[in-house]
Each structure stands twice: as C-alpha cells, then as structure tokens.
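Try each task before you read its solution.

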Amino acid sequence: MRISVVAAAAAALWAAAAGAEAKTVAVAAERLLDVASGRYVDHPLVLIVDGRISAVEKQGDAVPAGAERVELPGVTLLPGLIDMHTHITASPLYGGYTYLQYTDSFWPIIATKHAKDTLEAGFTTIRNVGSDNYDDVGLREAIDGGFVEGPRIVAATYAIGSTGGHCDSTFFPPSMKQKGDAVIDSPDEGRKMVRQLHKYGAQVIKICATGGVFSHGDTPGAQQLSLEEIKAIVDEAHMTGMKVAAHAHGASGIKAAILGGVDTIEHASLVDDEGIKLAAQKGAYFGMDIYNTDYTQAEGKKNGVLEENLQKDRDIGEIQRQNFRKALKAGVKMIFSTDAGIYPHGMNAKQFAVMVRYGATPLQAIQTATLNAAQALGQPNDVGQVAVGRYGDLVGVKGDPLADVTVLEHPVFVMKGGDVVKRVP
C-alpha cells in the first residue's frame, strides 16, 4: 500500500526504534530497478533510517521532517552490488615471484585502496575468499569501525588445501621449508582447521578441491581433497553457521564438492554434464569468473605472471565460458564471482558484459550480484534488494542497465548504509 501518511508513519516508527538521533535520508531518482521482477519503478523515493531502508515510496509522498534529501535526476537506482569472490589484499600488479620484493605488512595497507576502489565501483558487499595473516579480518574491522572506506566484507581468511595443492605454498624448493598455513591431509585435520579459522574471524570457509591456474606444478583439473575431507570440513562449518565455498576447476573435484555439501562452487571451469546436472539437483551455486582471462592474457606477462600460469589460463578460459553458458541454460543457480585481485579491484563490473555475451540476459547477470548473491551469503534480509529492512545500499547509473549492462561499469552514485560514498556531478 503506497500512501504518504503510511510512509511518514513508518519512517517515524523506524526512527523511534533506532533512537532519537537516528539519521534519516530520502533518495529520489528517475527510476528504480526491482531486481526481483525486472520491472522499473518510476520516480521512486527511498527512505533510509539509521542505515536501513524504512520505506520505498513515490516522489511527492511525505518526507520526515529533518531528513537529508538526495536528488538524482536522470539516474537509475539498483541495490548495492555483491561480489562473491574477491582477494581484496592481493594485487595483480605483482605476479609470479615479484611480490617477494615487499614486506608482509605491505599487503593490508594497499588493501585499503582496493577496498575504496571496490566500494566506489558500486560493490557495497564482498566475500573475500582467501587472504594471508587474517588481513581480510583486520580490514573488515577497520571498515566497520569507520577508519577505512570499503564494502562490507564476509571474510574467509586462509583457504584450506592439501599438501602440495593449490592452496599450499608450491613455488619454493625444499630448502626453504615453505608450507601453507591452512594445509590439511585428513578429515580430522579439516575439522580442526575450520575451528581455528572461525576462532580468528572467518565468516565463511574456502577450500581448494582441485588444482589451480595460478599455482605451481599442478593442473586445474586434478582433484586435491577427498570426498571424506570435504564432508568433514563442510559439516564442521555448517555446525558453526558458516557456509563453504570450493575452488574447483576439474570435473571430479566439482562433483565431490557438491556431494560433500559445499554451498558455492568457484570457477567450475571444466565441469561436465554430470556435474551440471548434480549442481542443479542439489541447489549448489556456481560462481564462474569468466571476465578475468581478458585481463591476465593482456597484462599478466608484464606483471610477472609465469608462462606456466598464463598457459593454464589460456587452456581453460574459453572452456569455462562455454560451460557457463551450458550451466546457465541447465538452470544452475549463478552468483557473481570475479576473482578480483587477479585483475585490478574496482573493475568488478566488467564481468556483467561477458556474462551477457555468453548467454545471460542483463537481468540474470544483475541478479547474480544482487538477489542470488544475497541468498548464497545467507543474508537475504540485509542485502540484495532495495526493500524495507535491508541496508541502505544503492548504486546509481545513467542509462538503462537492462538494455546496456555496461552502464554498471560507470556508476555515478554509490551509497552504503545511507551514507553517500560517491556522487558524480
């Protein structure tokens, strides 16, 4: 029911519940995309009280006295975007061995810029699936404390892998005695590692079920965790209320991850028909990073990426994109996962156009970064829609994203929790 009196009363009640000093913001725009229906709402008025949306009304309806007004003529609003696969403390500028030029504390410091760039690109929430030294937890705490500008972070900390696998330290000789900090080789070790990561701030668990593109001496298709290990990790994570993401390129590792109860399958590059069918049946999400090959092939060598890794990237890039098309057509649930950090942070939205090129409608692509991502995070009541009760996270663009999804690459307005973080005149 849309009545101005009702809107004003709702805002007043929300303010009363939040406290007398609650901040009220009224955002007016040309139109708003309802990402659930795919329909536009003309001349919306979004009321945000104390960081959360209290009403979505029409311009001309009553606005609470003292509200801050934000007028956005000619702008289309969408919910704040969500990237489900980032490495916010990593930079693509330092590939191969070049990162060894920098001390360990360099990475969380440059991550503050990555966070700001990501937020200003319209991504108000990210899931960070792999970081050393619990740096993503520290960055999350700094953002939440108001010391650093950045998106909301759901942090995985270290990614769990096997000895010699993608998430181990594989670039050095035995004399250097390098070992990954989250290496496990049995179900019991997997359970213990989940408990340790959770103890130190993990909110989601990341596992490496197969080999990878940017590791040394393995192949992306090779399975590296057993079904029993995966099940133990998933059971322990779910018992603590955490979801599990699996790095999984190869067909057997993808199927093991799905059968083991993993919530989201990352990359899914070499998935076969059986794996696609299984994902659709079990409701697992695929997060397929189908943009970043463009960047790594163009810039990787200059950035120090080894030829071994560039070749693996070339070998699977187009296969992954065609499998995205197949999985989407088969009804597999998709989330927006870019692997940001393999390419520069802030370029996340470039993946939308690639998704459309390989079979998604613009609305489907947008839903992967809003509705679907919110569901996969387990936060549908907080993010993913412009609706009452959700955070006041908004992105504004010029043009029609349902006609040209590339307009999302250039947001003119970004708001997080009712605070304007970017506005282009």
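**Exercise 1: a sheet and its edges**

Find the residue of strand 10 that stands opposite Lys 206.

Solution. Lys 206 faces Ala 245 in strand 10. Strands here are DSSP runs of E with at least two residues, and helices are runs of H or I with at least four, numbered from the N terminus. The model is predicted: local features need pLDDT of at least 70, side-chain atom pairs count only at pLDDT 80 or more, and totals for chains, interfaces and linings use all residues. Residues are numbered from 1 along each chain as its sequence is written, and side-chain values use heavy atoms, without hydrogens and water.

Next, count the bridges. Five of them join strand 9 to strand 10 (residues 243–248), and the two run parallel. Strands pair if DSSP finds at least two bridges between them.

Now place the pair. The open sheet has five strands in the order 9-10-11-12-13, with parallel pairing. Strand 9 (204–208) and strand 13 (333–334) are at the edges; each has a single partner strand, so one side of each lacks a neighbour in the sheet.

**Exercise 2: two domains**

State how far apart the centres of domain 1 and domain 2 are.

Solution. Start with the bounds: the domain assignment, automatic or from a database, gives domain 1 (22–79 + 386–423) and domain 2 (81–377). Their centres, taken over C-alpha atoms, are 30 Å apart. The contact (heavy atoms within 4.5 Å) takes 22 residues from domain 1 and 23 residues from domain 2.
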